[in-house]
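Please keep the sequence and the structure in view while reading.

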2 protein chains.
Amino acid sequence: MTYMQTITSRDNSQVKNYIQLASSRKERAAQGQFVTEGCKLTREAYDAGCVPATLFVTKSAAEKYSQELEEIFLSAQNIYEISDSVSQKMTQTVTPQGVFGIFHMLDKERQDVKINDNGRYLLLSSLQDPGNIGTILRTAAALGIDGIFLSSDCPDIYSPKVLRCTMGGVFKLPVTVSLDLRQLISRLKNAGITVYAAALTDDAVSLKDVCLGSGCAVVIGNEGNGIRGDVLAECSRALIIPMRPDSESLNAAMAAGIIMWEMTK
Amino acid sequence: MTYMQTITSRDNSQVKNYIQLASSRKERAAQGQFVTEGCKLTREAYDAGCVPATLFVTKSAAEKYSQELEEIFLSAQNIYEISDSVSQKMTQTVTPQGVFGIFHMLDKERQDVKINDNGRYLLLSSLQDPGNIGTILRTAAALGIDGIFLSSDCPDIYSPKVLRCTMGGVFKLPVTVSLDLRQLISRLKNAGITVYAAALTDDAVSLKDVCLGSGCAVVIGNEGNGIRGDVLAECSRALIIPMRPDSESLNAAMAAGIIMWEMTK
């Protein structure tokens with residue numbers, strides 16, 4: 001491999017650019033790029049077809065992960081060797097592996113959710129916890145859901161925290177950020193898909209009494225406030241997971257996971 | 001209410017005792033006490049029947065939460081007003097509410113899991129992430145599982161991180177720490193209960209093809225290493241959640257949640 005340069009300054013412009021991409025959704029959107037940390041996630045992004053723009057590795061990481069990173073070394077546009085001090089500056093963990101990537105996002109065409117009348121979809125409406133988004137994407141990828149739609153006020157799927165929790169699942173799953181969930185729900189219904197709202201309403205049907213199969217979608221709402229009234233009104237029907245009356249509600253990711261499990265049966 | 005004393009020193013012995021109980025499992029076991037932070041969890045512990053030994057509140061929290069904490073003020077053995085600086089010392093959050101409790105653990109007799117031949121149980125074998133333990137306990141309480149057994153090397157259910165994730169679920173559920181899971185599995189089988197191991201073995205049955213109803217138990221293994229060989233060998237049968245072949249496995253708490261959902265049907 002050929003290094004462009006060895007970076008030892010924590011104020012280097014490439015390092016600053018990495019940190020900006022890691023911390024700013026706006027910057028990621030403007031550049032069409034996102035960052036990965038760690039050998040595993042960097043490899044997942046590459047395997048999913050994301051084109052590596054820049055790879056930063058410490059000397060010891062380049063030796064330790066030479067096999068896993070070999071192809072990325074060959075195809076990355078820029079490769080920098082970084083000092084341990086620079087690695088400490090870039091990391092979001094306590095003990096960094098010393099592997100950092102900047103990737104181009106997958107192009108819209110490949111990644112966008114296609115709507116089929118026998119598809120199974122999940123819609124995330126105004127969720128706020130990146131860990132929940134990540135866990136939901138990981139579970140959806142594992143269970144083989146056909147696509148996830150997120151309202152634009154959900155955490156960015158390319159944020160480092162979401163990527164960490166998805167374990168690469170985000171790359172294996174069609175995901176679309178929707179500017180207008182109501183319009184999307186209407187589109188899904190017109191395509192013959194039943195759109196359920198996971199919501200505790202008087203006329204909600206129990207998940208034990210409904211058959212979620214092909215041609216269905218479920219909307220999951222905000223952790224604290226549930227689904228916004230106007231989005232709820234657009235859904236075909238409300239759906240609840242029956243629970244012990246004296247108990248706390250399920251965590252949003254857990255509720256979504258149980259519902260997706262039912263969708264894949 | 002009558003305050004025993006106002007504490008303004010971060011080196012006060014009561015404050016030190018609280019911090020020790022928060023950080024040391026050994027200390028909690030020795031004293032038979034655990035700590036709560038925040039109005040909600042403190043209230044949950046009280047409502048579950050745990051006897052409050054000590055309550056620490058800042059002046060502003062005492063006013064703000066006077067209604068929620070009224071009964072605890074009446075029954076706590078010691079009540080201290082603490083300064084904001086002491087609250088900052090005690091907290092595990094960025095913006096503390098200023099409410100801290102020390103409670104006596106529920107007595108063994110009330111809390112222990114009773115084995116019935118039509119019960120539904122979950123066994124946690126060497127899990128390591130407190131967040132997973134907490135999420136599993138919260139889900140088990142919501143879905144109405146009859147009891148959870150944890151191997152003694154799982155995180156302490158009374159650790160602050162587990163308690164935060166359970167959202168009080170731990171108090172609503174019979175939970176037993178088991179010194180020997182193999183012996184327990186044998187006991188369950190003798191009581192007529194089928195004990196499944198959530199494990200990827202050649203002869204594992206798919207969760208889609210098995211009916212988990214009353215009289216069943218499932219063992220969940222460590223996040224990285226799965227179920228220990230000798231524990232697995234003791235189980236009646238292995239069980240898998242069918243997944244897309246190219247995907248990461250499910251998170252341990254999510255897998256446990258989906259399995260518990262099937263158990264309650």
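Is the crossing of α8(B) and α12(B) left-handed or right-handed? The crossing of α8(B) and α12(B) is right-handed, where right-handed means that the near helix is turned clockwise from the far one by less than a right angle, and left-handed that it is turned anticlockwise.

The model is predicted, so that local features need pLDDT of at least 70 and side-chain atom pairs count only at pLDDT 80 or more, while totals for chains, interfaces and linings use all residues. Residues are numbered from 1 along each chain as its sequence is written, chains are lettered from A and ligands numbered from 1 in the order in which they are written, and side-chain values use heavy atoms, with hydrogens and water left out.

**The two chains**

The same surface serves both copies, as 100% of the contact residues of chain A recur in chain B.

In the interface, 31 residues of chain A are in contact with 31 residues of chain B (contact means heavy atoms within 4.5 Å). About 2,800 Å² is buried between chain A and chain B, and carbon and sulfur atoms give 60% of this area (the accessible area, with a 1.4 Å probe, that two parts lose on being put together, summed over both). On the side of chain A, A:Glu248, A:Met254 and A:Trp261 lose the most area to chain B, together 24% of what that side buries.

**Helix packing**

Helices are DSSP runs of H or I with at least four residues, and they are numbered from the N terminus. The table lists three pairs; axes are lines fitted to C-alpha atoms over the stretch in contact, and angles run from 0 to 180 degrees between N-to-C directions.

| Pair | Axes | Angle |
|---|---|---|
| α12(A) and α12(B) | within 9 Å | roughly 55° |
| α8(B) and α12(B) | 9 Å apart | about 15° |
| α3(B) and α5(B) | within 10 Å | roughly 55° |

Angles under 35 degrees count as roughly parallel, over 145 as roughly antiparallel, 65 to 115 as roughly perpendicular and the rest as oblique. Therefore α8(B) and α12(B) are roughly parallel to each other.

The crossing of α12(A) and α12(B) is right-handed. Residues of α12(A), including A:Ile258 and A:Trp261, meet residues of α12(B), including B:Ile258 and B:Trp261. This contact has eight nonpolar, two polar and two charged residues (Ala, Val, Leu, Ile, Met, Phe, Trp, Tyr, Cys and Pro count as nonpolar, Asp, Glu, Lys and Arg as charged, and the others, Gly among them, as polar).

Within chain B, α8(B) residues such as B:Asn132 and B:Leu143 meet α12(B) residues, among them B:Ala252 and B:Trp261. The contact of α8(B) with α12(B) has eight nonpolar, four polar and no charged residues.

The crossing of α3(B) and α5(B) is left-handed.

Conventions
Helix = DSSP H or I, 4+ residues; strand = E, 2+ residues; numbered from the N terminus.
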